[in-house]
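Here is a friendly briefing to read alongside the structure. Please keep the viewer open as you go through the points.

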Amino acid sequence: MANDKTKASEEQIVYANILNKGMWSGLALLIITFIIYISGALPSHVPIEELSKTPPGSDVPYWSMRAHDFNQAFNIPTGWGWTALAGKGDYLNFVGIAWLAGLTILCYSAIIPILLRKKETPYVLIAIAEIAVLVLAASGILKVGGH
Amino acid sequence: MLAKTLRSPKTVLFLSIVFCLTLVAVSTFASTAESVAPPPANQDVAWWVWPLVLFVVTFVLGILAVLGGVGGGVLFVPIVGGFFPFNIDFVRGAGLLVALAGALAAGPGLLKRNLASLRLALPVALIASAAAIGGAMIGLALKPNVVNILLGATILFIVIIMATAKKSDFPNVPKPDNIAQSLGIMGIYREESIGKDVEWTVHKTPQGLLLFIVIGIMAGMFGLGAGWANVPVLNLLMGAPLKISVATSKFLLSITDTSAAWVYLNQGAVLPMIVVPSIVGIMLGSMVGVKILAKAKPKAIKWMVIGLLLFAGLRALLKGLEIWK
């Protein structure tokens, strides 16, 4: 028979529960917003039928362009600029994507109080550092050059 | 029925060849559609064709990933990048989100069953996720043909690892190293196959953490899930039991890929038209794969996956070298 030592720790259970609920809600959000997008219920910033078309002066369709060129062609803002377009069918999908990508920050934030209570100082510091890394990645401060 | 079919190595070989030929046909169609000159807008391929084909292919990849014991991302990026008309920037962004969604779906169950260990994952994830940001930034700054050459070489390296690497169910760890001891990286889990509780710890943590810098960079640069590298490092180098290594690796991807995914998202390298059909296709395929897994012959499938990766890796390499456009 399994004993108590084989059971998951409190922080592991808390992390798992948040991840579970967050993942299913994010996935549902992703599917609903995608249906809204392809049904045309909301107008898209980049018209859906344009994606596979080849623009004048180019030898590849829009979705074969580099991300940087695609963004320039449609005047798409980088970083969190997409939130201004969240009312459009295509950028509405980013809400679900950002939710899924943000879940880990939520999970880490939830286990810090438990780790503090257990006086797991090294893990508290690791969790805080991880949140800092993920917030930095999510912030949009980091810019990619080279185009 | 499908499981029965997959028991015969000859059938598996035949299916592999058919799948590869289909991908070649898809690729030829993509390049033909692009090379019609001058291409009037109204003669381009209808927008829904590629997402539909993508959904079907990712559904098959989802089945193969489960049966072959690999993550969806490692199959997704070289195959979709090599045979679909989408730019490799968008494919890598989608690949990270596909791997992320798979890891998020598997994570809760693995954590609750105490197979994925937070004590092991947290220090490793911090190193890998920070490195993945750097990898993503390097990847987006490189020219697509350079990315394809490096991606092809990496996939061929993965093929060698998959074909030759040994695994150890219960590696011998004589003594935990100082880092493992001070962080308390250890645990106990119930091993149902032998009906015993297994105590585990790790050693060679500094070497492992150094390798996770490389793994993180590669994950971010190519948009690959990094299970193919996580498991050997956790299992063979650091000495975690195989089940703990596989489960912790899967959970780790949910953290490593998150940081890289944010970089792709912020740089506008994410197209919902590619991401959503891929995530749904891979997830549905994985569910079917789990059902087939109990009856299919894993060895034959493993070689089928290795063959597919070899094919996709060569394709990426030749595409990057502009030999096979």
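**Where the two chains meet**

In this predicted model, 60 residues of chain B are in contact with 59 residues of chain A, where contact means that C-beta atoms, placed from the backbone, lie within 7 Å. On the chain B side, the elements giving two or more residues are α5 (88-112), α6 (118-141), β1 (186-191), α11 (242-266) and α12 (272-293). Helices (H or I, at least four residues) and strands (E, at least two) are DSSP runs, numbered from the N terminus.

A note on reading the model: because it is predicted, local features need pLDDT of at least 70 and side-chain atom pairs count only at pLDDT 80 or more, while totals for chains, interfaces and linings use all residues. Residues are numbered from 1 along each chain as its sequence is written, and chains are lettered from A and ligands numbered from 1 in the order in which they are written.

**Interface and core**

- By class, the side of chain B that touches chain A has 44 nonpolar, 10 polar and six charged residues; Ala, Val, Leu, Ile, Met, Phe, Trp, Tyr, Cys and Pro count as nonpolar, Asp, Glu, Lys and Arg as charged, and the others, Gly among them, as polar.
- The largest nonpolar core has 151 residues, and those with the most contacts inside it are A:I97, B:L64, B:L97 and B:L100. Such a core is a set of buried Ala, Val, Leu, Ile, Met, Phe, Trp, Tyr and Cys residues joined through C-beta atoms within 7 Å.
- Helix α5(B) gives this core its largest share, 16 residues.
- Beyond its neighbours within four places in sequence, A:I97 is in contact with A:L30, B:L97, B:L265, B:V270 and B:V275.

**Chain A**

- Chain A has four helices and zero strands, in the order α-α-α-α.
- Its radius of gyration is 21 Å, well over the 15 Å that the globule rule gives for 147 residues, so chain A is more spread out than a compact globule. That radius is taken over C-alpha atoms, and the rule is 2.2 Å times the number of residues to the power 0.38.
- The C-alpha trace of chain A spans about 65 × 35 × 30 Å along its principal axes.
- Of the 147 residues in chain A, 36% are buried (20 or more other C-beta atoms within 10 Å of a residue's own, with C-beta atoms placed from the backbone).
- The buried residues of α1(A), including A:Y15, A:L19, A:L30 and A:F34, pack against α3 (89-117) of chain A together with α5, α6 and α12 of chain B.
- Just after α1(A), A:G40 takes a positive phi of about 80 degrees.

**Chain B**

- Chain B has 13 helices and two strands, and buried residues make up 57% of its 325 residues.
- In α5(B), 23 of the 25 residues are buried, so this helix is largely enclosed by the rest of the structure.
- α5(B) bends by about 35 degrees at B:A106, with a proline, B:P108, following within four residues; the bend is the angle between axes fitted to the seven residues ending there and the seven starting there.
- After α5(B) comes B:N114, whose phi is positive, near 65 degrees.
- In helix α3 (residues 49-68) of chain B sits B:L54, which is buried, with 23 other C-beta atoms within 10 Å.
- Not counting residues up to four places away in sequence, B:L54 touches B:V80, B:F84, B:I274, B:P277, B:S278 and B:G281.

Conventions: Two residues are in contact if their C-beta atoms, placed from the backbone, lie within 7 Å. A residue is buried if 20 or more other C-beta atoms lie within 10 Å of its own, exposed if 12 or fewer, and partly exposed in between; C-beta atoms are placed from the backbone.
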